[in-house]
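Dear colleague,

I am handing over the structure that we spoke about, and below it you will find notes on what was found. Please read them alongside the coordinates.

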2 protein chains.
Amino acid sequence: MSRISPLAQAKKCPMDFVLAVNDTMNVLNGKWKLPIIGSLLFGKKRFKEMERDIPRITPRMLSKELKDLEANGIVTRTVYDTTPVSVEYELTRSGNSLNSVLDVMIEWGIQHRKNAYGK
Amino acid sequence: MSRISPLAQAKKCPMDFVLAVNDTMNVLNGKWKLPIIGSLLFGKKRFKEMERDIPRITPRMLSKELKDLEANGIVTRTVYDTTPVSVEYELTRSGNSLNSVLDVMIEWGIQHRKNAYGK
DNA sequence: GTAAGTACTATCCTAAAGTATAGTAGTATA
DNA sequence: TATACTACTATACTTTAGGATAGTACTTAC
């Protein structure tokens with residue numbers, strides 16, 4: 001009963017291929033997801049910390065995108081009942097493992113620049 | 001004169017990191033880039049062929065996105081003066097090497113589904 | 001001469017994404 | 001009493017992405 005791997009399966013069919021990659025793209029989509037994940041890759045952060053970390057982001061967008069990332073299982077939100085209340089955001093295991101995806105994206109980007117503009 | 005690698009450099013600084021990943025994200029951005037690249041990963045294609053390959057794409061979007069991909073050095077456009085004129089689109093070396101990026105994206109997506117929804 | 005094929009472009013419109021600005025509720029400090 | 005901090009939310013607006021529809025210019029087949 002040998003089964004074909006999900007990767008091999010996805011690469012066989014153009015439609016499966018697109019759906020599978022879109023799963024990942026949707027998690028990273030939008031102007032602010034990457035800066036937020038990037039900030040959290042350096043450790044857990046509080047709302048105001050991130051607001052200061054990420055230039056020009058508005059609290060509306062930060063709040064909205066964090067909710068999105070939480071719903072997608074990329075970050076966890078923990079409330080501490082200090083006074084005033086403090087909230088910490090942290091990457092999940094999946095969120096942290098994005099690191100390796102981002103690595104190959106960076107490598108491809110660097111190589112592509114070399115190909116396209118000659119070093 | 002040992003130099004720090006561009007990857008290590010990008011990962012050191014949150015802003016460099018975001019810029020580097022965005023290089024790659026911008027190439028894949030939008031609803032139709034992935035289906036188009038996916039179609040071309042199976043070999044060179046003509047305009048009408050791709051229109052038929054990709055469900056619900058309009059010629060306007062196909063034309064627009066192909067121009068984008070060409071400008072970004074992902075595809076090449078070759079005109080043959082047959083009658084009627086025929087045009088072939090093909091992935092560049094960079095375009096083809098996206099394959100490995102998409103692989104890790106598919107793998108992450110599959111693993112993330114398992115983490116998030118338990119298999 | 002009319003239909004159908006090639007490879008598109010132009011125009012207009014809607015929907016989604018993102019921005020600007022202000023406000024909430026609670027506490028603590030000067 | 002006023003200001004500032006926490007973590008947001010609400011409303012309204014603008015900008016961008018994408019969709020619908022039609023048209024161009026050329027050629028071949030019927």
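I begin with DNA strand D, which is surrounded by 18 residues, the closest being K48(A), P59(A), V87(A), G30(B) and T83(B); a residue is taken as near a molecule or strand if its C-beta atom, placed from the backbone, lies within 6 Å of it. The elements that give two or more residues to this surface are helix 4 (47-53), helix 5 and strand 3 of chain A, together with helix 5 of chain B. Here helices (H or I, at least four residues) and strands (E, at least two) are DSSP runs, numbered from the N terminus. By class, the surface near DNA strand D has 8 nonpolar, 5 polar and 5 charged residues, where Ala, Val, Leu, Ile, Met, Phe, Trp, Tyr, Cys and Pro count as nonpolar, Asp, Glu, Lys and Arg as charged, and the others, Gly among them, as polar.

Two matters of convention belong here. This is a predicted model, in which local features need pLDDT of at least 70 and side-chain atom pairs count only at pLDDT 80 or more, while totals for chains, interfaces and linings use all residues. Residues are numbered from 1 along each chain as its sequence is written, and chains are lettered from A and ligands numbered from 1 in the order in which they are written.

DNA strand C is likewise surrounded by 18 residues, and the closest of them are G30(A), K31(A), K48(B), P59(B) and V87(B). At least two residues of the surface near DNA strand C are supplied by each of helix 5 (59-71) of chain A and helix 4 (47-53), helix 5 (59-71) and strand 3 (86-91) of chain B. That surface divides into 8 nonpolar, 5 polar and 5 charged residues.

Turning to the two protein chains, 38 residues of chain A are in contact with 38 residues of chain B, a contact being counted if the C-beta atoms of two residues, placed from the backbone, lie within 7 Å. On the side of chain A that touches chain B, two or more residues come from each of helix 1 (6-12), helix 2 (14-28), helix 3 (33-41) and helix 6 (93-117) of chain A, and the largest share, 19 residues, comes from helix 6 of chain A. The residues on this side of chain A divide into 22 nonpolar, 12 polar and 4 charged.

Chain A itself has 6 helices and 3 strands, and from the N terminus on its elements run α-α-α-β-α-α-β-β-α. The radius of gyration of chain A is 18 Å, well over the 14 Å that the globule rule gives for 119 residues, so chain A is more spread out than a compact globule; the radius is taken over C-alpha atoms, and the rule is 2.2 Å times the number of residues to the power 0.38. Along the principal axes, the C-alpha atoms of chain A fill a box of roughly 55 × 50 × 20 Å.

The strands of chain A form an open sheet of 3 strands in the order 1-3-2, with antiparallel pairing, two strands being paired if DSSP finds at least two bridges between them. Strand 2 (residues 75-80) and strand 3 (residues 86-91) of chain A are joined by 6 bridges, and they form a hairpin with 5 residues between them. In the loop between these two strands lies P84(A), and the peptide bond from T83(A) to P84(A) is cis, with omega near -5 degrees.

One further backbone feature concerns R56(A), which has a positive phi of about 75 degrees although it is not a glycine, and which is placed in the loop between helix 4 and helix 5 of chain A. In chain B, phi of R56(B) is near 70 degrees, also a positive value. Most residues other than glycine have a negative phi, and most peptide bonds are trans.

With best regards
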